[in-house]
Amino acid sequence: MTDTLITGVRLLDPAAGLDQAGELLIRDGLIADLGTGLGRPDGVTVIEGDGAVLCPGLVDMRAALGEPGFEYRETIASAAEAAAAGGITTLAALPDTQPAIDDPALVHLLLARGAATGSLTILPYGAVTKGCRGEEMAELGLLHEAGAIAFTDGARAIGGARQMALALTYARGFGAMIVQHPEEPSLAAGGAATRGELATRLGLPAIPAEAEAIMVARDIRLARMTGGAVHFAHVSTAEALALIRRAKDEGLRVTCDTAPPYFDLNEGAIGNFRSYAKLSPPLRAEADRRAVVAALADGTIDAIASDHQPRDADDKRLPFAQASAGGAGLVTLLAVTLAQVHGGALGLAEAVALLTVGPARLLGVGAGTLAKGAAADLCLFHPEHVWRVQAGALPGKAQNTPFDNRALEGQVIGTWKAGRRVFGATA
């Protein structure tokens with residue numbers, strides 16, 4: 001592999017507090033040097049960045065891949081294509097596949113298939129319960145030894161309090177966290193939209209927003225009781241965020257992430273039964289959306305995840321109440337986040353931190369940095385370049401985006417994995 005010098009860029013590494021004009025040298029798949037005045041080593045390939053931002057490859061801590069079992073929705077290869085186009089080089093994959101990732105052999109399979117893409121490191125979540133069915137506990141210790149990054153039942157809440165307490169206790173023994181889909185199951189069952197005037201007017205079965213806060217409150221108490229680490233995924237309501245903020249102030253091992261739909265869209269996006277905007281949790285009222293933005297700015301939210309949930313067209317071409325919940329999010333992760341930068345809610349370094357070092361630290365991996373000697377996993381993007389999201393024309397297999405036909409400001413123009421360009425002009 002020849003040396004590569006990316007020059008004329010804005011180097012942005014929130015992990016190191018770095019934000020300066022400069023250049024970066026890749027050698028043998030690693031970051032050999034960065035800064036200014038690096039010279040031109042013999043045989044180096046020079047890539048002119050034209051003032052674009054060069055940051056660590058994005059770390060997506062929550063995505064469903066479809067494989068194994070739902071390859072008609074997405075495959076690992078198609079997800080890797082979409083991830084590269086979105087600047088994502090590391091991805092934590094949910095375990096609620098078919099079969100579920102409840103066996104060490106399946107953890108090894110996902111690790112190997114991720115490596116085989118050459119463009120994406122896959123960090124498998126292990127299932128908390130066998131089959132993600134909420135019944136018998138999976139062998140968390142064996143899954144951890146095999147390489148499971150943390151434990152969750154994916155889009156299914158861990159509903160039993162005793163079961164959650166046991167999971168927190170077991171995972172604490174080897175320093176792992178439990179990732180919860182925070183939604184009280186009996187309140188959410190059969191629901192399609194957030195309870196309120198809009199759901200009533202559309203005649204949709206509703207989920208009260210309180211279903212999220214009820215589960216968050218319970219699990220904060222369980223974290224306090226067990227000393228375990230709980231992470232709340234795709235948090236979407238003001239009440240839940242207030243509970244998490246207080247738990248952090250108390251020093252409990254409580255963290256959370258959100259996803260772009262919950263700070264960019266509100267329930268009005270479902271319009272007249274627009275199934276691409278049917279998500280889980282459902283889109284919320286405008287006041288909740290604003291609370292999510294505020295929690296990003298004040299540090300209550302630790303990371304932004306894509307919450308990528310691929311769905312086949314037939315899954316969405318149903319009456320709204322029967323259509324599958326979920327939105328594709330890999331390609332749009334960075335650009336939708338940057339809308340908060342352009343709108344003044346976040347600084348650029350803050351936004352990039354939520355997509356790189358924030359999730360990397362939660363997952364306990366060494367990604368998300370431009371440190372010398374680190375793997376050259378890189379994302380090059382123009383913050384001001386405008387592009388339009390077009391379902392049916394996105395990289396990858398999944399096209400069910402809630403941002404269809406949206407003009408977004410901020411475009412990935414290059415992605416490198418271990419020093420090899422996997423997206424962009426010469427990939």
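This note sets out, point by point, the strands, helices and selected residues of a predicted model.

1. Annotated region. The UniProt record, an unreviewed entry, places the feature "domain: Dihydroorotase catalytic" at residues 51-239.

2. Strand β1 and its surroundings. Strand β1 covers residues 4-13, and eight of its 10 residues are buried, so the strand is largely enclosed by the rest of the structure.

3. The hairpin of β1 and β2. Strand β2 comprises residues 18-27 and pairs with β1 in the antiparallel sense, over eight bridges. Within this pairing, L12 stands opposite D19 of β2. Four residues lie between the two strands of the hairpin, and G17 takes a positive phi near 65 degrees.

4. Parallel partners of β1. Strand β4 (residues 45-48) runs parallel to β1 and is joined to it by four bridges; here L5 stands opposite V46. Strand β5 (residues 53-56) also runs parallel to β1, with two bridges joining the pair. In β5, V53 is the bridge partner of R10.

5. The three-stranded sheet. Strands β6, β7 and β8 form an open sheet in the order β6-β7-β8, with parallel pairing. Its edge strands are β6 (58-63) and β8 (121-124), each of which pairs on one side only. From one strand to the next, the twist averages 20 degrees. Four bridges join β7 to β8, and helix α2 (residues 104-117) lies across these two strands, running at about 165 degrees to β8.

6. Residue T90. Is T90 buried or exposed? With a relative accessibility of 3%, T90 falls under the 20% limit and counts as buried. T90 belongs to strand β7 (residues 88-93) and stands opposite T121 in β8. Leaving aside residues up to four places away in sequence, T90 touches L58, V59, D60, L120, T121, L123, A367, D377 and K417. Among these contacts, L58, V59 and D60 lie within the range of edge strand β6 (58-63).

7. The six-stranded sheet. A further open sheet has six strands in the order β9-β10-β11-β14-β15-β16, again with parallel pairing. Strands β9 (126-127) and β16 (303-304) form its edges, each pairing on one side only. Inside the sheet, β10 (residues 151-152) and β11 (residues 177-180) run parallel and are joined by two bridges. T152 stands opposite V179 in β11.

8. Helix α8 against the sheet. Helix α8 spans residues 238-250 and lies across strands β14 (229-232) and β15 (254-258). The helix runs at about 145 degrees to β15.

9. Helix α8 against helix α10. How are these two helices arranged? In general, two packed helices are described by the angle between their axes and the distance between the axes. The axes of α8 and α10 (residues 286-298) come within 8 Å and cross at roughly 25 degrees. That crossing angle is under the 35 degrees limit, and the two helices are therefore roughly parallel to each other. On the α8 side the contact involves A238, L241 and R245, which meet D288, A291, V292, A295 and D298 of α10. By class, this contact has five nonpolar, no polar and three charged residues.

10. Residue A371. A371 lies in the loop between α14 (357-363) and β17 (378-388). Its relative accessibility is 34%, and A371 therefore counts as partly exposed. Not counting residues up to four places away in sequence, A371 touches D13 and I31. The residues A371 and I31 are 340 residues apart along the chain, yet their C-alpha atoms are separated by 7.0 Å. The other contact, D13, falls within strand β1 (residues 4-13).

Notes
Residues numbered from 1 in each chain as written. Predicted model: local features only at pLDDT ≥ 70, side-chain atom pairs only at ≥ 80, totals over all residues. Heavy atoms only, no water. UniProt positions renumbered as here; feature names shortened; annotations may be inferred. Pairing = 2+ DSSP bridges. Contact = heavy atoms within 4.5 Å. Axes fitted to C-alpha atoms, helices over the stretch in contact; angles between N-to-C directions. Buried < 20%, exposed > 50% of the residue type's maximum accessible area, 1.4 Å probe, protein only. Parallel < 35°, antiparallel > 145°, perpendicular 65-115°, else oblique. Nonpolar A, V, L, I, M, F, W, Y, C, P; charged D, E, K, R; others polar.
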